[in-house]
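Here are a few notes to read alongside the model.

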Amino acid sequence: MVHSDSDPPLLNHYGTLLCHSTQWDEPQTRVTMEECQLPLIDLCDLGSDDEMVRRACAAAICKASSEWGFFQVVNHGISSQLVDKMRCEQVKLFRAPFETKATSGLLNNSYRWGSPRATCPNQFSWSEAFHVPLTKVSDEACYGDFKSLREVMTCFAAAMSELSRLLAGILTENLGNWKQASISNICDETTCFLRLNHYPACPISPEIFGLVPHTDSDFLTILCQDQVGGLQLMKDSKWVTVKPNKDALIVNIGDLFQAWSNDVYKSVEHKVVSNATTDRYSIAYFLCPSYDSLIESFVKPSIYRRFTFREYREQVQEDVRKTGYKVGLPRFLLKGSEDLTTTTTTTESNTRLYIPSITAKS
């Protein structure tokens, strides 16, 4: 298998593990998964003169967050021209030599690749990424020779941030959660991130993940992906493949929103499968609170104990360090709350609908 000097040394780093694992003693074939069409929501309806149309759009967002934990949005306010420019700059960045990406301190020295703590193949992530805090996106010193990336990435991050807060506002006010601090007040640039992902082609085995199964440790995530595909999510206890839509962004609920909503909204396990012949690119925006923000359910009895975002992150990191896996919200379940998780219904999400005062830009 031939690699360019831009590729991270994934095969070299995990070669021994790959060669000696019994997981692939028999020839493997790529399994064709059921393809799903995520709920598709036109955000133009939020700016309609018809109140019923606005309410129906908000209701669709909340329903999808309860039933799927994932949905896709069109007319989201991020132009196709900006997306194309961002993708072009992203590809140029990842085509830089591996040594440049790994050692030159690019984008706040946020480059990462593979899964250093993997002890078996199903803990692999055959990918590389830059995980950039919003506070550093506009910092000229972070870009080195990639000067043209800065302007595009700054505009892209700002647009994703605005969209995330619009959606979070709808979901929060739908819960009737008027007394708690709004998500906009507890989420700031110091803890929100933009992640640039590259999944190199991986022809050596169909069993290697591009990104291992996980849930997101945030309030919500917005994903801008190319047309290669590979994103899969758990739906009705089985993995389904998400069909790419060139005009849509994908939104998914994170662990914090599930806890805050007392399981009204669902943080769903998802993964990326590797592609044997084609590289895949995506960009994810993570809406996170400040580290000392208190996360607690908005209704009682609560399913989860109160915790701070810092505490949650530290527990996740400890679990990954010890076991190779993220445990997540089950660590914070209150005693006896297992029964409550089966009785929480989506009807709780119909208490109130938020009607935004701004119009989604087309």
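Two strands count as paired here if DSSP finds at least two bridges between them. Helices (H or I, at least four residues) and strands (E, at least two) are DSSP runs, numbered from the N terminus. Please keep in mind that this is a predicted model, in which local features need pLDDT of at least 70, side-chain atom pairs count only at pLDDT 80 or more, and totals for chains, interfaces and linings use all residues. Residues are numbered from 1 along each chain as its sequence is written, and side-chain values use heavy atoms, with hydrogens and water left out.

1. Leu-233 has Val-240 in S10 as its bridge partner.

2. The other sheet to look at is open too, with eight strands in the order S2-S3-S11-S8-S13-S6-S5-S4 and mixed pairing. Its edge strands are S2 (40-42) and S4 (111-113), each of which pairs on one side only. On average, neighbouring strands of this sheet are turned by 25° against each other, direction ignored. S5 (residues 128-133) and S6 (residues 193-199) pair in the antiparallel sense over six bridges, and Ala-129 has Asn-197 in S6 as its bridge partner.

3. How do helices H3 and H7 cross? The axes of H3 (residues 80-94) and H7 (residues 147-174) come within 9 Å and cross at roughly 135°. Axes are lines fitted to C-alpha atoms, for helices over the stretch in contact, and angles run from 0 to 180 degrees between N-to-C directions. That angle makes H3 oblique to H7 (under 35 degrees is roughly parallel, over 145 roughly antiparallel, 65 to 115 roughly perpendicular and the rest oblique). H3 passes H7 in a left-handed crossing, meaning that the near helix is turned anticlockwise from the far one by less than a right angle.

4. A search of the whole structure finds one cavity of 30 Å³ or more (a set of points on a 1 Å grid over the protein atoms alone where a 1.4 Å probe fits but cannot get out; lining residues have an atom within 4 Å of a point). The largest cavity has a volume of about 50 Å³, taken as the space filled by probe spheres set on the points, which are joined across faces, edges and corners. Its lining includes Gln-72, Asp-226, Lys-243 and Ile-250. Strands S8 (220-225) and S11 (249-253) each supply at least two of the lining residues.

5. Two backbone details deserve a look. The peptide bond from Lys-300 to Pro-301 is cis, with omega near 0°, and Pro-301 lies in the loop between S14 (294-295) and S15 (307-308). Asn-108, in helix H5 (residues 106-109), has a positive phi near 65° although the residue is not glycine.

Key
On a 1 Å grid over the protein atoms alone, a cavity is a set of points where a 1.4 Å probe fits but cannot get out, and a pocket is an open set with protein on both sides within 12 Å along at least five of seven lines; lining residues have an atom within 4 Å of a point.
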